[in-house]
Amino acid sequence: MANIDLLLQGADKVVPEEEFRARIAEGNPLRVKLGMDPTAPKVTLGWAVVLRKLRHFQEQGHKAVLIVGDFTAQVGDPSGLSETRKRLTEAEVRSYAANVLEGFKKVLIWDDDDLLEVRYNSEWLAKLDMGEVLALTSKMTLAQMLERDDFSKRHAANQPISMMEFMYPLLQGMDSVAVDADIELGGSDQLWNNLVGRELMGRYDKRPQMVMTVPLLVGTDGVQKMSQSLGNYIGVDDEPADMFGKVMSIPDEAMEQYFRLATGLAPDEVDSVVAGLADGSVHPGDTKRRLGREIVALYHDVDAAVDAEAAFDRVFREKDVPEEVDEFVLPDDDPVWLPGVLKDAALVKSSSEGKRLVAQGAVKINGEAVPGEELTRADLVGHVLQVGKRRFIRLVETA
RNA sequence: GGUGGGAUGCCCGAGCGGACAAAGGGAGCAGACUGUAAAUCUGCCGGCACAGCCUUCGGAGGUUCAAAUCCUCCUCCCACCA
């Protein structure tokens, strides 16, 4: 089948690739596992990379098996240095899971039971008794655990590694055992974890799963991987204007990666964009705008993309006020003390910050920097109060 | 079980009796500039109607005119030895 090329397109690693080619050539539908711990409520464009890959499999008749890690999320994965992630409550996990699945719907084929199966890992993990847990731990050795790069680095650096962190890959592997995965997808940072699943399946007398990883998308800072805890993410359910703006905020150097991983453009199209940038025949600003439109169109539609770009120009190029601005009712005072208003309107965190921003000329009424902390009501009512470039509020007399 | 080291602001990390709301870096925010919410440069970066006051340096007490800094106990972490 020629479709193998599409499945492999954009993949980082496929282990083992020969087996993969053979299994696809057989033509039987595969069970394609993707695990997700609902520890945060959003689906980011980083997630979308692997989701879009999963969709490719669906489009060729393979079944997406989504594992919602409701059990593992509640235990709380402390991986990532000293961060002792707070334990999530059952209610939080459930609500995050619902949000995340909602985001998944934007990318995956959702209404066909032959192409989608959603499972919660508490179904099997919560039932394990101590004997079974011990049996599980007997299947892996410390040396195998220390093969994982971040474990060995932390161990070498005398940084703590909790026993529970060792359990995590095992539990994820049990998911594969439980659902009889043929192949597991994940970000490239999951390669080792997913290979534990392959290893474990063999030890439980199952046909070991294959593993495919996709590259990680950098966040809007252009340096670290996109993640909600770092705040450098673009969510698939972000509003069009916000989504467009966030794309415009990525460093120029990150554009190629975004074109490749976050848009639907074919690889050769991306190549020509990249070549154009390199020889100066296309403008980087225009290119980033195109990137923004492509991404907004993917998760909203083309009209929304055009509108988002127009709104961006209005605010940032023409330094005008957006068309739609929330209203805020002024307090009764006259004159009005602006730092207090800024705080009450949640444009700033504290009145101290408000004072500083006024002093820095960052607070504007109708585009004019305010001269001091106090203004008369007459100067304010009906006007737009602005902080920085992107925080606006319209002041009104009454609600 | 023993010995030694450590816990500092969103994160990393200096400080080890007064000059500490606490160096430096990162993140964040703002201003200038720009094709941009890129880059770069500059400033800000605990709170309070603020030239003053209040609350912060793991927790609780104590010494002192004065404590992030010294003492006591507690909690947690790390290393080495067993």
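In this predicted model, Arg390 sits in the loop that runs between strand 12 (384–387) and strand 13 (391–396), where helices (H or I, at least four residues) and strands (E, at least two) are DSSP runs numbered from the N terminus. Arg390 counts as exposed because its relative accessibility is 67%; buried means under 20% relative accessible area, exposed over 50%, and partly exposed in between (1.4 Å probe, protein chains only). The model is a predicted one, in which local features need pLDDT of at least 70 and side-chain atom pairs count only at pLDDT 80 or more, while totals for chains, interfaces and linings use all residues. Residues are numbered from 1 along each chain as its sequence is written, chains are lettered from A and ligands numbered from 1 in the order in which they are written, and side-chain values use heavy atoms, with hydrogens and water left out.

**Chain A as a whole**
- Chain A contains 19 helices and 13 strands, and its C-alpha atoms fill a box of roughly 80 × 50 × 45 Å along the principal axes.
- Of the 399 residues in chain A, 45% are buried, and the chain exposes about 19900 Å², of which carbon and sulfur atoms supply 49%; accessible areas come from the Shrake-Rupley method with a 1.4 Å probe, and for residues only the protein chains shown count as cover.
- Among contacts between residues at least 6 apart in sequence, 70% join residues at least 24 apart, a contact being heavy atoms within 4.5 Å.

**Charges on the surface**
- Chain A has 46 positive and 68 negative charges, whose mean positions are 3 Å apart; Lys and Arg count as positive and Asp and Glu as negative, while His and the chain ends are not counted, and each charge is placed at NZ of Lys, CZ of Arg, CG of Asp or CD of Glu.
- Arg390 belongs to a positive surface patch together with Lys349, Arg356 and Arg391; patches are made of residues with over 30% relative accessible area and no salt bridge, with like charges joined within 9 Å and nonpolar side chains (Val, Leu, Ile, Met, Phe, Trp, Tyr) within 5 Å.
- A negative surface patch includes Asp326 among its members, along with Asp301, Asp303, Asp307, Glu323, Glu324 and Glu327, and Asp326 lies in the loop between helix 16 (302–317) and strand 7 (327–329).

**Buried residues**
- Asp175, in helix 10 (residues 163–179), is buried yet has no salt bridge, and the nearest side chain of opposite charge, Lys33, is 4.7 Å away; a salt bridge is a side-chain nitrogen of Lys or Arg within 4 Å of a carboxyl oxygen of Asp or Glu.
- Leaving aside residues up to four places away in sequence, Asp175 touches Lys33, Ile67, Asn121, Trp124 and Leu125.
- Leu338, in helix 17 (residues 338–344), counts as buried because its relative accessible area is 0%.

**Backbone details**
- A cis peptide bond joins Val15 and Pro16, with omega about -15°, and Pro16 is placed in the loop between strand 1 (13–15) and helix 2 (17–26).
- The peptide bond from Asp334 to Pro335 is also cis, with omega near 0°, and Pro335 is in the loop between strand 7 and strand 8 (336–337).
- Asp205, a residue other than glycine, has a positive phi near 60° and is found in the loop between helix 11 (191–203) and strand 6 (210–214).
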